[in-house]
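These are my notes from one sitting with the model.

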Amino acid sequence: MSDTTLSSMLCIPLMMIAFNRVPLHAQWSTNPSVNNAICTAASYQENPAVCSDGSGGAIIAWTDYRGTGGDIYAQRISAAGYPMWTYDGIPISMAPSNQTNPQIWVDGIGGAIIICEDARNVDVDIYAQRIDAFGSKKWSTNGLLVCGAAGAQIFLKTCADGSGGTLAAWIDRRSSSDAVYAQRVDASGNALWLANGIPICQAAQSREAVRILADGSGGAYLVWSDKRSGNWDVYAQWANSSGNVQWIADGVPVCTNTESQYFPDPIEIGGAAGLFVVWQDQRAGTSNADIYAQKVSSTGSPLWTGDGIAICNATGRQTRPQGVSDGQGGAILHWVDARSSIVGYAQ
């Protein structure tokens, strides 16, 4: 259940204007059909990811097929709209085979850490690279190995750890079942947890759509869709800053309704206070998917009605929810809603 956005050109989805190689007047466009071109190199670029540069601009990373395979490139754009690095971006990883699904997070000092899925060793592994504010690589040429376990490591998701490093989670196929693993990488490129990651869930059957959220103290909350009971349910786990899981083995059940639940998203309550989880729920039937949510305490206990509360159960399909903290102990949610047409709604 991964999303792939294919385009022949990467553009920042804000109102900007395309620039020349040496722009005379940096400005953002008022024309949403123009925008600022980030890369117009040959072939195609896909899966862009963006983070702040800490100075009003942004750093963008993407998979780029201008060469013989998929490589990772990046560009920094200033607050005024100027590209700060080489035109069409700088290469982050040009290892053999394909590097895909880049995830990027600011390092707190003007640079960023970029983590991606990498097939240079046949099986898909996880690699990371740090770049500074000038686009210089701080780690080895084509990145540091984060997980090189047997089998594929896929559906990577990351978040900042709050200390200049990154927390990463993925679906791991080193064993017979799709497991959930996680790792913390510090600002120097050191893996702080077990080599090749800590096991978050190793129960039999499949996992998908893992998401990770920093707990504010160097640890992480993780949520995922889980098929151990035959249909897709939502489970969660908390790993502390040392990489020790805090809740029951293989995660606590957030929603185990007899129908399927997909695309869970974790939302911050406030550090170690626990988390909100929101998801797409099909208990009303596949043609009437709804949005449900649950609050999970710091001890791993669901605090609201069993299997969650309905956030939106309008007619039609409500899908792919996401949310952010409102800073006051609540959350703001949005989703795709087909009650009348494919548009977005918020709550």
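In which loop is the place of Gln 282? I found Gln 282 in the loop between β21 (275–281) and β22 (290–296); strands here are DSSP runs of E of at least two residues, and helices are runs of H or I of at least four, numbered from the N terminus.

Before going further I noted the ground rules: the model is predicted, local features need pLDDT of at least 70, side-chain atom pairs count only at pLDDT 80 or more, and totals for chains, interfaces and linings use all residues. Residues are numbered from 1 along each chain as its sequence is written, and side-chain values use heavy atoms, with hydrogens and water left out.

**Entry: Gln 282**

I looked up its accessibility: Gln 282 has a relative accessible area of 9% and is therefore buried (buried means under 20%, exposed over 50%, partly exposed in between, with a 1.4 Å probe and protein chains only). I then listed contacts, meaning heavy atoms within 4.5 Å. Leaving aside neighbours within four places in sequence, Gln 282 is in contact with Glu 259, Ser 260, Tyr 262, Ala 289 and Arg 317. I also took the C-alpha distance from Gln 282 to Asp 118, which is 34 Å across 164 residues of sequence.

**Entry: two other loops**

Gly 148 is in the loop between β11 (144–147) and β12 (153–160). Its relative accessible area is 35%, so Gly 148 is partly exposed. With neighbours within four places in sequence set aside, I found Gly 148 in contact with Asp 125 and Asn 196. From Gly 148 to Asp 118, C-alpha to C-alpha, I read 9.7 Å for residues 30 apart along the chain.

Gln 202 lies in the loop between β15 (198–201) and β16 (207–214). Gln 202 is partly exposed because its relative accessible area is 47%. Gln 202 and Asp 178 are 24 residues apart in sequence, with C-alpha atoms 7.5 Å apart.

**Entry: Pro 253**

Pro 253 lies in strand β19 (residues 252–255). At 37% relative accessibility I filed Pro 253 as partly exposed. Not counting residues up to four places away in sequence, Pro 253 touches Val 234, Tyr 235, Ile 248 and Pro 302.

**Entry: rings**

How many aromatic pairs does the structure hold? I have six, where rings of Phe, Tyr and Trp (its six-membered ring) pair if their centres lie within 6.5 Å, and planes under 30 degrees apart count as stacked, over 60 as edge-to-face and the rest as tilted. One of these is Tyr 44 with Tyr 65, a stacked pair at 4.6 Å centre to centre with 25° between the planes. The two are 21 residues apart and link distant parts of the chain: Tyr 44 is in the loop between β3 (37–39) and β4 (45–52), Tyr 65 in the loop between β5 (58–64) and β6 (71–77). Tyr 44 is partly exposed at 34% relative accessibility, whereas Tyr 65 is buried at 16%.

I also noted a cluster in which ring pairs link Tyr 221, Trp 238 and Trp 247.

Next I looked for charges over rings (NZ of Lys or CZ of Arg within 6 Å of the ring centre and within 35 degrees of the ring normal). The charged end of Arg 66 sits over the ring of Tyr 73, 3.8 Å from its centre. The charged end of Arg 174 sits over the ring of Tyr 181, at 3.7 Å from the centre.

**Entry: positive phi**

Ser 43, in the loop between β3 and β4, has phi near 65°, a positive value in a residue other than glycine. Ser 43 is partly exposed, with a relative accessible area of 42%. Asn 47 lies in strand β4 and has a positive phi as well, near 55°. Asn 47 counts as buried at 16% relative accessibility.
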